[in-house]
Amino acid sequence: MPSNPGREWSLTELAAEAGMPARTIRFYIARGLLDGPLHAGRGATYGSRHLERLRRISELRNQGLTLAEISVALGIRRQTGLAAPETWWQYRIGEDVMVSLRAGMSPWRVKQITTLLERLVREQREGKETSQDDA
Amino acid sequence: MTHSAVQFAPLDRETGQEVELAMQRLWLTGRLMPVGARLLVRHIFRSAEPEPLEVIYAFGLPRDAALRRFFISGEGFSVHSELRPVAEAVEAYERGVAGGSLSALAREYADGIVNLTVGNIRPGETVAVELEILAGVELHDGGLRFRFPFTLAPGYHRQARGVELSPGTGEMQLPESEFGDVILPQWKAGANGLHEIGFDLAVSMATSISEIGSPSHPVRVTSEEATQWRVRLATARDLPDRDLILDVKTSGSSAVLAETGESGRITFAAVVPSTQFGRSVDSPRRVVFVLDRSGSMQGAPIEQARRAVEACLGALSDQDRFGIVAFDNQIESLAPGLIPADHDGRERARRFLAGVEARGGTELAAGVATAAAMLAGGTGDLFVVTDGQVFGTEAILETARAAGARLHCLGIGSASQDRFLTLLARQTAGVSRFVTPGEAVDMAALDLFASAGRPVAAGVRCTVEGIVEPAPPKSVFAGTPLLVFGQVEKADGVALHIAWDGGQTTLGLPPCPPRGDFIYLLQGSRLVADLEARGQVQEECLEELSRTYGLASRRMALVAVVKREGDRPGETPATCVVPVGMPRDTAFHVYFSRARVTSRVARQVCLMAPVMEMEIDDRPLFRRAPRRRLPRTADPLIELAQRMEPDGGMPGAGNRDRAAATVLALLCFLAKGHSLSAGPFRLHMVRLVAYLESVASALPKRERSLVKTVLLAARAGKPLPGDWLQLQPSEVWHAIELGAAQGNSISPT
């Protein structure tokens, strides 16, 4: 447990407390390993939860885990009540046609869909009617 | 086949907008000189985020390179960096960021990896950072090769693992204990959609330039004067997935360049071609081939490396002794020690090489240590063939220095650790070459091998009325000029004296050197690179050296803070790491395994990923392009070299047949422009000639006479007319006579 649960730090102070550069902390935030500051915008502050997490990340790194593995080990979930963010890939398959696919699909599914998209692109280029199945 | 750019990019879930590239462009300009390059690398950063952005770009330094300074500019401001001890620079950067100011930090880590970090780029703002870099070049007798990394190659490190975060995106971290807080980029299997790169370089040589070419990029070359050329990327832009390589050919002769600095001190650099020294002494060789069979060598590089070693074996006589060590995570040797290069030894080597497949990591230090032990404390050379894709190079350098053997390095790769292999060879008194898999690697290996074993000058000493620094090499090898840096108080009437065992020469300095600091800075960057390779013990000296020359190093970093109206203190910028392309010719999954990350993690990481762009044609979108396979035998001359017997002759049923085959081989080499003193096959030709001389007296009169003619031609380096590569040995005598009867000049005189 943190020694002072109600304490808040600036990023510079947090970096000193955690014994790591502030840049590394910002990188961990961007990398999804650490939540953003308690108060966004000017006067951003960080709490004991951040410090705990940074110490845990350091421990895991010293054990030789990669950041991706640390992310799994920490069981990171969004705590804002919102659904987990999702990434979508956007395929521009023509001047006026866009298709969006959810990222993180299994490789066989990606292959299946992209094969269909390629056919669509080819047929579109050749000026053929696209069948309902292809669509 | 049709090609059309189809983009698939991560979207912001809230807005549905594409995430834009944080670094949009990297443009290389500057000037190549006979002894190095002064480069200006312009990075264009742009924020499309609604909050301040911090961008981290990681790159590797070229050989013998050091950062000098940078300029950061944007709308209404232009600020140059300050050189400060690393801790101070980091503190200044963080204070700037915390104060809401635009801040930039260029900091070097181990292995010459640099993080250029630009913090607090405002929403919608474009910022340019122009970084000045001093860099060395690979000198050849007839010119130079310049190499600049447009991507950072992933590498093997015992404590690092690569992970595939999402299809075609890989990530790797290096241990903090060795690399501190360095941040590596994410690697993209396809570089389409990443930032664009390009170059426009001036080339100024001391002697007239005959040719400039690039095996890596399409180039447009214009000649302004005989010694002043310009080389640009021929297309509008290119991808960050390989090094730029430029070959500059000049009329090679000794050159002494000098400049007068602000203090009145004169710094000089002398380039003395190896041809000015002498010829190598023909003594028995002791050589160990050290072959990298790590996974990153798979495909063309390992095939080329195997073939190169086989061809080099053809240059050995049965008086020579050799060994072979193949390494990845494990070490395998042909034999515990050196074996004679006789018929049996070669056969064993061929069988051993046939079983060498690319796999595993790159434990180069262990490979070098094993090979050095095979020399058992005696003199000899290690001939290392590797892609150099390895992190933690300083430990390897330490092992190599401790081993006490001379290392000659042939690097193979489209984006590799040229810096490291240069240091590895130089610090062990050897020479290095770096080639791309698209070039004739086996020829480069043969050429290096021919020059590496026996120096053309040993015991080299350089003296001047001043300082010679860094200490020049003790040996000079054929094909590689001697480079000497130094400083003098006055140039008029001052000469550089170079002496070696059995010879000496004197070069005068230009009497009135122009003002300038380029040579001084190059000397400094070379000293910094050498000292950094010496590791922790030299850290204090490194800081002093950095201050003296005004160059960054692992102890001194560059920092700038731009205070502007509207700075918003206390805001945490969003951090973004600029991804780079996997080097061409390196398979993505050699470094990045799929298994370790759940899809949830992959999704989160994808939010940071920049736009990827992929070409669509008739192939599935996610299939990688097939690797280019080499034909089994790229050059018939290589095959001839591989087949040579230990006594220097070609194989055959008896002396007469063997003489015919040997004459034919010699004519083939001659026909392709090789001679006894030049070209990758010069050692082979010397041995063919020696064999023919030894057997000629036992041949019938007709053949003896024809052998004499061919030997005269070989010594004169003059080919005999004929399509020799198409002939069988049994046809060679008649073909020579026929040529004579048809009036072709078979007299080489």
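Q: Please take a close look at chain B: where does Trp500(B) lie, and which residues does Trp500(B) touch?

A: The model is predicted, and every value below is computed from it. The setting comes before the residue.

Chain B has 749 residues, and 61% of them are buried. Its secondary structure comes to 17 helices and 39 strands. Chain B exposes about 27700 Å², and 49% of that area is supplied by carbon and sulfur atoms. Take the contacts in chain B between residues at least 6 apart in sequence: 75% of these join residues at least 24 apart.

Trp500(B) belongs to strand β33 of chain B, which covers residues 495–500. Its relative accessibility is 7%. Buried means under 20% relative accessible area, so Trp500(B) counts as buried. Residues up to four places away in sequence are not counted in what follows. Trp500(B) touches Gln276(B) and Phe277(B), then Ala457(B), Ala458(B), Gly459(B), Val460(B) and Arg461(B), and also Thr505(B). Arg461(B) can also be described by distance: Trp500(B) and Arg461(B) are 39 residues apart along the chain, while their C-alpha atoms are separated by 6.2 Å.

With neighbours within four places in sequence left aside, Ala255(B) is in contact with Ala206(B), Ala269(B), Ala270(B) and Val271(B). Ala255(B) and Leu507(B) are 252 residues apart in sequence, but 8.5 Å apart in space from C-alpha to C-alpha.

Aromatic rings give another view. Over all chains, a search of the whole structure finds 14 aromatic pairs. Elsewhere in chain B, Trp187(B), Phe588(B), Tyr591(B) and Phe592(B) form one aromatic cluster.

Arg25(B) lies over the face of Trp27(B), at 3.9 Å from the ring centre. Arg285(B) has its charged end over the ring of Phe449(B), 4.3 Å from the centre of that ring.

Next comes a helix. Helix α9 of chain B runs over residues 518–532, and its 15 residues reach 21 Å from the first C-alpha to the last. That span is close to the 21 Å expected at 1.5 Å a residue. α9(B) is mostly covered, with 15 of its 15 residues buried.

A few points concern the backbone. Glu469(B) and Pro470(B) are joined by a cis peptide bond, with omega at about 0 degrees. Pro470(B) lies in the loop between β31 (466–468) and β32 (482–488) of chain B. Asn120(B) has phi near 70 degrees, a positive value in a residue other than glycine. Asn120(B) is part of strand β9 of chain B, residues 113–121, and is buried, with a relative accessible area of 4%. Asp585(B) has a positive phi too, near 75 degrees. Asp585(B) is found in the loop between β37 (580–581) and α11 (588–591) of chain B. At 27% relative accessibility, Asp585(B) counts as partly exposed.

Strand β3 (residues 88–94) and strand β4 (residues 97–102) of chain A pair in the antiparallel sense over 6 bridges. β3(A) and β4(A) form a hairpin, with 2 residues between them. Tyr91(A) has Val99(A) as its bridge partner in β4(A), and Trp89(A) stands opposite Leu101(A) in β4(A). Because 5 of the 7 residues of β3(A) are buried, this strand is largely enclosed by the rest of the structure.

To return to the question, Trp500(B) is a buried residue in strand β33 of chain B, and its contacts include Gln276(B), Arg461(B) and Thr505(B).

Notes. Residues numbered from 1 in each chain as written. Chains lettered and ligands numbered in written order. Predicted model: local features only at pLDDT ≥ 70, side-chain atom pairs only at ≥ 80, totals over all residues. Heavy atoms only, no water. Pairing = 2+ DSSP bridges. Helix = DSSP H or I, 4+ residues; strand = E, 2+ residues; numbered from the N terminus. Phe/Tyr/Trp six-rings, centres within 6.5 Å; stacked < 30°, edge-to-face > 60°. Lys NZ or Arg CZ within 6 Å of the ring centre and 35° of its normal. Expected span 1.5 Å × (residues − 1). Buried < 20%, exposed > 50% of the residue type's maximum accessible area, 1.4 Å probe, protein only. Contact = heavy atoms within 4.5 Å. Areas by Shrake-Rupley, 256 points an atom, 1.4 Å probe, with all protein chains shown as cover.
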